[in-house]
Amino acid sequence: MRVVFALWPNPAHLYPLVPLAWAMQSAGHEVRVASHPILADSTKAVGLTPVAVGDPEIMPMGPGRPQPRSVKERLDRITAALELSPADKDVWDVFYQFMLPSMWDFHPVGSTAADPHPVLDDLVEFTRAWQPDLVLWDPCFPAGAVAARTAGAAHARLLWGLDYFAFTMDRFAERAARPGPGPEANPLVETMRPGAERHGLDVDDELLLGQWTVDPTPAGVRLPTSVRTVPVRWVPFAAQEALPRWLHRRPERPRVALSLGLSQRMYFKGGWDHVPGLLRMVADLDVEVVATLNADQLAGIPELPENVRALDYLPLTQLLPSCAALVHHGGMGTFASAAALRVPQLITDSDDDNGMITIEADGLEWSMATKHIESSVTARCVAQRGAGLVLDIKNLSVEAMQKQLVRVLDEPSFREGADSLYEDLLATPSPTEIVPVLEKLTRRHRA
């Protein structure tokens, strides 16, 4: 059969799907990856066929795009009307501060059906011509759902992290079932409506959330939702580099990796005040530290400790097999990579981190929380399973964090906990194993 992966154009959204796309190709299916032209080179580099849609001169900005103050005020009113618990509000905040702005790159806020939707229109034109059987679409790129329906294809969401979208829709449904006036609108519905109406479609639950959802997030960190899911094992994948010579041999002392992720540093230059403390934490220890940090993250640090090697980028799949521990920001891809490679983890997180980043451009501004719910979820999972500890970077001293790192390095129980997380992954079907399931669901749902 013919399969289209429709993606928001970020390598962090591409890499989690690569093992599944390869599995589909290996089973004899034709695979295409449709996205903005900026993702084409990365797609070719992983051995998949890109389909470029939209204007290459109009670059996506994701959550880094400032929005009119009126948009934030409206979303704040919706937030209040939902009457969310503190835990649910943390998830909602990520949805409206990060996910919605990413969707608005290609489904502009305030647009109408008569306005141009170049990415959506190009994708619809392609699917009508190529006639795929199945479209697997990124939740931040719902043009894939519209294109699938216009072509009569089965379609499902393909997650790359927590399911903020279905979780949020469930909260709207719960609020609608309670007495009293609810929110003035559902922003996910309002975002989808102009593009759907442009192509003669009604907005329903399937268009919003797919006919089913393929979920690679490990079982211990998934958000509870009401959608039908097909779990798949997270197989770590990243852009590769030539293996450095120093990685050819085993380290002479324990090697510790320090990684704070790629996505946030793509959009924001600030938010790295905790980096000096992390470097001081390792400076006096008899360990070798490999820190994948860029110039922005190292700004203001005059000299690295002697035992720290800093690199702008190195794939975790190359680095982690030689590591005794990983210190990281709690992102889903980093957490899952460490789990798959059986490495104990220390996740930077703080319960009282309520800081904000304000983005300003062209007279517009957009404020975002610096704390991301993923770090809390992954940190809780690691701590509960004994696979590592939480580094409370707001409240712990450098000495206290250092003691936690030493514990993870010295106590065998943390390696045992990492082995347990790895076994959880093994209990989840591999990409190859779910291909027959996707084939059956496609036959059932395509028009």
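Predicted model: local features only at pLDDT ≥ 70, side-chain atom pairs only at ≥ 80, totals over all residues.
Begin by selecting Lys44 and Asp41, whose side chains meet in a salt bridge with an N to O distance of 3.5 Å. Both residues are exposed. They belong to helix H3 (residues 40–45) and, being three residues apart, are separated by about one helical turn. An α-helix has 3.6 residues a turn, so residues three or four places apart point the same way.

Select Arg171 and Glu174 next. Their side chains also form a salt bridge, at 2.7 Å from N to O, and they too lie three residues apart, in helix H8 (residues 164–176). Arg171 is buried because its relative accessible area, 12%, is under 20%. Glu174, at 39%, is partly exposed.

Now turn to Arg149 and Glu206, a salt bridge whose closest N and O atoms are 3.8 Å apart. This pair links distant parts of the chain: Arg149 is in helix H7 (residues 143–151) and Glu206 in helix H10 (residues 205–209), 57 residues apart. Arg149 is partly exposed at 25%, and so is Glu206 at 33%.

Then select Arg2, Glu30 and Arg32, which are linked in a network of salt bridges.

Finally, move to helix H14 (residues 332–340). Eight of its nine residues are buried, so the helix is largely enclosed by the rest of the structure. Among the buried residues are Met332, Phe335 and Ala340. To see what covers them, display helix H13 (316–319), strands E11 (325–328) and E12 (345–348), and helices H15 (373–384) and H17 (412–426), which are included in the covering elements. Just after H14, select Arg342, which takes a positive phi of about 60 degrees.

Methods. Residues numbered from 1 in each chain as written. Heavy atoms only, no water. Buried < 20%, exposed > 50% of the residue type's maximum accessible area, 1.4 Å probe, protein only. Helix = DSSP H or I, 4+ residues; strand = E, 2+ residues; numbered from the N terminus. Contact = heavy atoms within 4.5 Å. Salt bridge = Lys/Arg side-chain N within 4 Å of Asp/Glu carboxyl O.
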